[in-house]
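Please keep the sequence and the structure in view while reading.

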Amino acid sequence: MGYRNRGYDFTITSSTAFDHKWIPERNYFDTISLIVDELFANYLSRPNVRQPILTQYCDGQRVTCPNWMQQWGSMSLGEQGYSAIEILRYYYGDNMYINTAPEVSGVPSSWPGYILENGSSGDKVRQIQEQLNVIAGAYPSIPRIQADGLYGPATAEAVRVFQSVFGLPQTGTVDYRTWYKISEIYVGVSRIAELT
């Protein structure tokens, strides 16, 4: 890809031998998309280990790798009721942990760490209201709301319609997934507006 030739200090190979494989226009499953939305800010750690944890795996059928996580092996463990952390610990030991990054770069602001709902107030509510109003310019079914920093029935309804449009559970509350989906769409809509 020539990333280093463009001044970056990394290389992306698009080879599963080294990193994730990306195939343009490749089909994907909605269930996988939902899981990725939920887990995209998670990372693995071990106590007192600062460097990133690399978890490699083989498919377990065509290629087997002793002591590595295997795609079909982990599926079998999942079918037996193992949780994600239990599967990771099965392969990598009991001192493996799943953490969630408190901040995610590239979005206007990170999730506040609590669900925004009726009765919530403050700058985070105002930010969501302002972003929803920008998004409503591109998605007119989402009602425009007053950006007053008070989460009331009108904000809840705008969130519920947003969730409906983008395939999220229609709770009318802003949880982790909804916050980052609003951020993602807001950034996308804002960039489109800048180009026109």
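## Salt bridges

A salt bridge is a side-chain nitrogen of Lys or Arg within 4 Å of a carboxyl oxygen of Asp or Glu. Side chains of opposite charge can pair when their charged atoms come close. The structure is a predicted model, in which local features need pLDDT of at least 70 and side-chain atom pairs count only at pLDDT 80 or more, while totals for chains, interfaces and linings use all residues. Residues are numbered from 1 along each chain as its sequence is written, and side-chain values use heavy atoms, with hydrogens and water left out. By the salt-bridge rule, the count comes to three.

The terms for exposure rest on relative accessible area: buried means under 20%, exposed means over 50%, and partly exposed lies in between (1.4 Å probe, protein chains only). Helices (H or I, at least four residues) and strands (E, at least two) are DSSP runs, numbered from the N terminus. Arg 126 is partly exposed, with a relative accessible area of 30%, whereas Asp 123 is exposed at 61%.

Another salt bridge links Arg 160 with Glu 157, whose closest N and O atoms are 3.3 Å apart. These two residues lie in helix 5 (residues 153–165), three residues apart, about one turn of the helix. Arg 160 is partly exposed at 30% relative accessible area, and Glu 157 is partly exposed at 35%. In the salt bridge between Lys 181 and Glu 184, the closest N and O atoms are 3.3 Å apart. Because Lys 181 and Glu 184 are three residues apart in helix 6 (residues 176–195), about one helical turn separates them. Lys 181 is buried, with a relative accessible area of 14%, while Glu 184 is partly exposed at 44%.

## The nonpolar cores

A nonpolar core is a set of buried Ala, Val, Leu, Ile, Met, Phe, Trp, Tyr and Cys residues joined through side-chain atoms within 4.5 Å. The largest nonpolar core has 24 residues, and those with the most contacts inside it are Leu 116, Ile 128, Leu 132, Ile 142, Tyr 151, Phe 162 and Val 174. Helix 4, helix 5 and helix 6 each supply at least two residues of this core. Helix 6 gives the most to this core, with six residues. Apart from this core lies another, of eight residues, among them Met 69, Ile 87, Leu 88 and Tyr 92.

Contact means heavy atoms within 4.5 Å. Which residues does Ile 128 contact, leaving aside its neighbours within four places in sequence? They are Leu 116, Val 174, Trp 179 and Ile 182.

## One side of helix 3

Helix 3 (residues 84–92) has as its buried residues Ile 87, Leu 88, Tyr 91 and Tyr 92. They cover an arc of only 110° around the axis, so they are on the same side of helix 3. The arc is that of the directions from the helix axis to the C-beta atoms. These buried residues pack against strand 1 (42–45), strand 3 (69–70), helix 2 (71–79) and strand 4 (97–100). Just after helix 3, Gly 93 takes a positive phi of about 105°.

## Gln 129 in helix 4

Is Gln 129 buried or exposed? Gln 129 counts as buried, at 0% relative accessibility. This residue lies in helix 4 (residues 123–138). Not counting residues up to four places away in sequence, Gln 129 touches Ile 145, Gln 146, Ala 147, Asp 148, Gly 149, Leu 150 and Thr 155. The C-alpha atoms of Gln 129 and Arg 144 are separated by 8.4 Å, and the two residues are 15 residues apart along the chain.

## A loop residue

Asn 48 is found in the loop between strand 1 and strand 2 (57–58). Its phi is near 60°, a positive value in a residue other than glycine. Asn 48 is exposed, with a relative accessible area of 82%.
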